[in-house]
Amino acid sequence: MLKSWLKPLEGIVPAYYPLYFKKINGHAIYLPGVDRFLLADTFDPWITLEVAEILSSKVPTQVILLGEGIPGLSNLTVLEHTIRDKTGLVIHGANILVARQTPLVRKIQGEGSIVNVGWSDDYASPEKRSILLKLQEYGLFCLRICHALKITESMNNIVPHKKYMEDYFPGMVPQDFTVPIDQTEFPQGLGREIKQILYMADSVTDALTQIEKAWLEYSQAIPRIRETFYKIVGIEMPASLSVLALKHNFTVRAV
Amino acid sequence: MNKDTEIYFSSIIFNGYQDGFWNTLYPELTEGGKFMIDLGRRINPNRFVTRNGEWSLPWPQTLPPEFRMPELDENFSKSFEQVTDERAQEIKHRINKYDQHFAVMYSGGIDSTVIMAALIKNLTLKELENVVVCASSHAIVENPYFWKHFIYGKFKIIDSAKTKYDDLIEKGYFAITADEGDCIFGTALGLTLYTNYDHYLTKVSSDMRPRLESIKGRFTDPSVHYSAYKDVILEHFKIANNPSFAENFYNKFEKNIQTASVKINSLHDYFWWMIFNIKYLNCSVRGAIYYNDRTSVEYAIKLGIINWFNGQDYQRWSMVNNNNGEKIIKGPATYKMAARRYIYDLDKNEWYFHFKIKLESLGLSIIHDQNVEKIPVNMRPNARFGIDTDYNLLYIDDPSVQEYIRYHLLNYQKDW
């Protein structure tokens with residue numbers, strides 16, 4: 001009998017990747033307090049989870065993967081949709097095991113398990129409506145930034161050594177050894193620091209300003225990294241960053 | 001510096017700092033001078049100096065005596081293992097006779113792992129107390145098994161991200177580097193051609209393609225002369241906006257081969273000769289020039305830095321072991337087979353033996369800042385042009401150096 005890992009397309013794993021079933025917008029962020037979905041994405045469920053984590057500084061979130069029979073959600077109407085049967089999700093209540101500020105991933109199945117119930121009455125007033133729409137835009141902004149970070153780092157980070165040392169070499173690295181996170185000057189690495197900005201920022205404008213400031217402060221980043229990041233975000237790099245020059249304090253090291 | 005100054009080492013490099021100088025100079029030059037700068041663009045840097053055969057340079061050049069090529073000895077019969085063990089015995093002798101201390105620049109790559117394996121095989125535990133390992137996190141991830149079982153906890157480790165050759169020398173160490181490993185086995189320039197062969201085939205003329213298809217993969221077959229691959233070589237070396245560059249480079253190197261005393265047969269011989277002959281000096285001295293700020297370059301080259309593979313026997317071994325499976329069998333994971341076997345004999349790591357490939361340890365390291373804040377910008381490593389025969393560092397911002405370069409490049413005529 002063929003071992004399960006030699007049959008990669010069989011088993012439970014594909015069910016956690018809606019795109020495998022060609023489902024567009026198959027993973028979504030659900031807001032238990034609003035009882036509506038906030039946004040949906042197509043590409044990577046684990047980036048959706050990262051965004052849910054970032055948004056959890058502002059609102060409790062859960063990530064919902066839509067099962068095979070459920071149509072994907074449109075971001076134009078996602079705020080009108082909710083989960084019909086939430087009894088199995090147990091996302092409210094006092095039980096620390098299931099009701100937390102830190103989101104988890106849940107999978108729901110069955111035709112009709114997502115329903116359009118219209119705009120939430122609790123958020124019908126202009127002020128409430130405005131704040132919910134602001135949250136949605138912020139969520140979609142974070143989603144784009146997280147994709148940009150993932151792609152930028154995947155294409156450029158040739159020294160993710162801190163992760164390797166922590167994950168694979170416990171107790172095997174000398175004290176005070178230089179262990180790079182990436183090739184930027186961000187003290188905790190590009191991805192981590194920009195996600196920290198997203199976690200704490202109040203708005204898209206606030207986040208963009210802080211991100212620009214951070215790039216300026218840690219300006220030694222190889223220009224290509226900055227360029228890739230802004231290109232994938234889909235906005236022009238601020239003029240203050242495009243004029244940054246290299247410091248020329250590096251060279252090859254012979255080994 | 002005047003126009004008659006002889007130099008030991010020069011570099012035409014596009015590293016962000018020197019680009020402006022070379023680009024400004026370029027339009028003034030004749031074909032010969034332009035070619036030398038274009039070679040800098042393609043090879044980046046252009047630091048070629050011949051050890052055997054003709055390879056003209058724009059400026060007066062002398063080869064440092066330490067790096068002359070030995071005569072070809074067709075009867076040389078020592079194995080790689082024997083040569084390597086004998087090299088380790090030299091270190092053993094220096095420890096026992098003079099109580100000298102050594103710092104091995106260890107990257108986890110095949111060449112520096114050979115050094116560590118040789119020392120572990122040939123030295124006693126007591127003698128190994130005189131050896132420290134200078135490594136970075138690159139080394140840990142490049143060869144995790146060796147790190148876990150043979151390095152960590154067994155040797156004192158110095159962080160190479162914070163340590164340059166001058167630091168080691170000032171602490172009383174002789175630094176051992178494997179920087180010339182590629183010179184002994186061949187070059188990554190060849191590997192990149194082999195792995196892109198099919199792509200290059202799509203670029204050559206259709207009448208040449210069947211012939212090139214028929215010799216695909218026979219890179220180490222001495223019965224297939226490298227010149228049969230000329231069209232692919234030209235594709236490999238071509239640069240944008242200069243259609244004649246690749247042919248120029250091919251012809252200049254061809255002149256070197258034709259005037260050399262060593263016979264070049266296969267395509268891998270061709271690339272081996274490129275690094276063993278005209279790139280050898282670069283590999284030998286770049287550490288002393290670019291990764292050293294305080295120690296005199298002369299001391300660093302002559303004594304402070306030991307180029308493990310610069311031994312005469314390694315070079316003789318390299319000259320009589322072409323196309324026999326010792327240097328490469330076919331693909332990238334068979335490169336440096338003799339060295340793989342030597343390491344495997346110690347560590348029994350079949351993954352490393354079968355799958356290790358050449359990684360750009362040097363290239364990777366550029367992302368680390370050197371601690372050069374206290375050095376004026378115009379004297380930092382990126383501003384260095386080379387050394388003269390008195391081992392003085394030459395800086396690209398020095399007006400007399402600029403005038404020297406300009407004078408010689410303006411007068412450099414194509415001679416091939």
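1. Start with B:Asp293 and B:Lys164: in this predicted model, their side chains meet in a salt bridge, 2.3 Å from N to O. B:Asp293 belongs to the loop between helix H16 (280-290) and helix H17 (297-304) of chain B, while B:Lys164 sits in the loop between strand E4 (156-159) and helix H8 (165-170), so the contact ties together parts that are 129 residues apart in sequence. As for accessibility, B:Asp293 is partly exposed, with a relative accessible area of 22%, and B:Lys164 is buried at 6%.

2. Now look at B:Arg294, which forms a salt bridge with B:Asp167; the closest N and O atoms are 2.7 Å apart. B:Arg294 is in the loop between H16 and H17 of chain B and B:Asp167 is in helix H8, so this pair ties together parts 127 residues apart in sequence. B:Arg294 is partly exposed, at 48% relative accessible area. B:Asp167 comes out at 19%; buried means under 20%, so B:Asp167 counts as buried.

3. There's also a network to click through: salt bridges with shared partners join B:Lys78, B:Glu86, B:Asp313 and B:Arg316.

4. How many salt bridges are there over all chains? The count comes to 35. One of them pairs B:Lys255 with B:Glu54, with 3.2 Å between the closest N and O atoms. Here B:Lys255 lies in helix H14 (residues 245-259) of chain B and B:Glu54 in the loop between helix H2 (31-43) and helix H3 (80-98), so the bridge ties together parts that are 201 residues apart in sequence. B:Lys255 is partly exposed at 25% relative accessibility, and B:Glu54 is partly exposed too, at 43%.

5. On to the rings: the structure has 52 aromatic pairs over all chains. Take B:Phe48 and B:Phe249, whose ring centres are 6.3 Å apart. Why is this pair called stacked? Their planes are at 15 degrees, and planes under 30 degrees apart count as stacked, so the pair qualifies. B:Phe48 is in the loop between H2 and H3 of chain B and B:Phe249 in helix H14, which makes this a link between distant parts of the chain, 201 residues apart. Buried or exposed? Both B:Phe48 and B:Phe249 are buried.

6. Last, two charges over rings. The charged end of B:Lys252 sits over the ring of B:Trp55, 4.4 Å from the ring centre. For B:Lys348, the charged end sits over the ring of B:Tyr344, with 5.8 Å to the centre.

Methods:
Residues are numbered from 1 along each chain as its sequence is written. Chains are lettered from A and ligands numbered from 1 in the order in which they are written. This is a predicted model: local features need pLDDT of at least 70, side-chain atom pairs count only at pLDDT 80 or more; totals for chains, interfaces and linings use all residues. Side-chain values use heavy atoms; hydrogens and water are left out. A salt bridge is a side-chain nitrogen of Lys or Arg within 4 Å of a carboxyl oxygen of Asp or Glu. Helices (H or I, at least four residues) and strands (E, at least two) are DSSP runs, numbered from the N terminus. Buried means under 20% relative accessible area, exposed over 50%, partly exposed in between (1.4 Å probe, protein chains only). Rings of Phe, Tyr and Trp (its six-membered ring) pair if their centres lie within 6.5 Å; planes under 30 degrees apart count as stacked, over 60 as edge-to-face and the rest as tilted. A charge sits over a ring if NZ of Lys or CZ of Arg is within 6 Å of the ring centre and within 35 degrees of the ring normal.
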